[in-house]
Amino acid sequence: MKIERRNLAEFTTLAVGGPAEVWTVETPADLVEATAAPYRVLGNGSNLLVADGGVPERVIRLGGVFARGTLGRPRAGATYHLTPWIGAGVLLPGLVQEAARLGLSGLEPLLGIPASVGGAVRMNAGTRFGELADVLEAVELFHDGAFHVLDPGELGFGYRTSRLPQGAIVTRVRLRLTPAPAAAIEARMAEVDAARKGQPKRKSAGCAFKNPPGDAAGRLIDAAGFKGLRVGGAMVSHEHGNFVVNTGGARAADVWKLVKRIQEELGLELEWEVWGELP
């Protein structure tokens, strides 16, 4: 286990955020020790805004046994493939590509989402093509000092949300995937990739707001004339209105002012998780 004082900007895709004590845990014993005081859990740092002042709690990152796992090879002629246990610290983009190589379908809708498996479970990561909950078979949680295996139906998955118990840490998952021809998987991935072409390449935390029923947050932001709006180093992306990007040197306070300005005008619900005190 490694314990160090770091700025969380180093671990977030938006590249903002102040200091915290970061605990990188590698074994179940490490996890028990790390959770003996107030904590937060950090996945791949996407979908997250951390205050410039950081956070007082320990920040737990999953490494070691919690960052291992592969999909396994499907049996010839099987109608579905139940994967081995996959650590929550494994990165989702690698799994999507591994599934394609193995001829396993189900993860294509998650192409391009820069999340860890555990973070993707917590927020039920997905696109308009599908969600992680669609292929979850079982979820292992560490909660109240013990490990528990739950059926996905017990976790209240919805649009970009779940109802994990307070303080629960996703540690492993099993997926149910479907063997399919390579051409069909490639075509599905191409469709998902084409839908992402308008997203910005600059540093961001992903889509800032949830889509309201029957509409798209990006369309509403564009129609309101917010594209290109700036506060300090933060800007509403010209490419896609639902992205706030770091143009260089942005602070969390800059990002937060843009978010609040949009919310005041349009009443959109934030999709990101927010850590720490923001003005």
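Helices (H or I, at least four residues) and strands (E, at least two) are DSSP runs, numbered from the N terminus. On this basis A190 is found in helix α4, residues 182-195, and the protein as a whole has 6 helices and 18 strands. This is a predicted model, in which local features need pLDDT of at least 70, side-chain atom pairs count only at pLDDT 80 or more, and totals for chains, interfaces and linings use all residues. Residues are numbered from 1 along each chain as its sequence is written, and side-chain values use heavy atoms, with hydrogens and water left out.

**Overall dimensions and packing**

- The protein has a radius of gyration of 19 Å, which agrees with the value near 19 Å of a compact globule with 279 residues; the radius is taken over C-alpha atoms, and the globule rule is 2.2 Å times the number of residues to the power 0.38.
- Along the principal axes, the C-alpha atoms fill a box of roughly 55 × 45 × 30 Å.
- Of the 279 residues, 48% count as buried, where buried means under 20% relative accessible area, exposed over 50%, and partly exposed in between (1.4 Å probe, protein chains only).
- Among contacts (heavy atoms within 4.5 Å) between residues at least 6 apart in sequence, 66% join residues at least 24 apart.

**Surface and charge**

- The accessible surface comes to about 12,800 Å², with 49% belonging to carbon and sulfur atoms; areas come from the Shrake-Rupley method with a 1.4 Å probe, and for residues only the protein chains shown count as cover.
- There are 31 positive and 30 negative side chains, and the centres of the two sets lie 4 Å apart.
- Lys and Arg count as positive and Asp and Glu as negative, while His and the chain ends are not counted; each charge is placed at NZ of Lys, CZ of Arg, CG of Asp or CD of Glu.

**Backbone at two loop residues**

- Most residues other than glycine have a negative phi.
- N47, although not a glycine, has a positive phi of about 60 degrees; N47 lies in the loop between β3 (39-42) and β4 (48-50) and is buried, with a relative accessible area of 11%.
- R160, likewise a residue other than glycine, has a positive phi near 55 degrees; R160 is placed in the loop between β12 (146-150) and β13 (169-179) and is buried at 12% relative accessible area.

- A190 counts as partly exposed, at 47% relative accessibility.
- The C-alpha atoms of A190 and I86 are separated by 25 Å, and the two residues are 104 residues apart along the chain.
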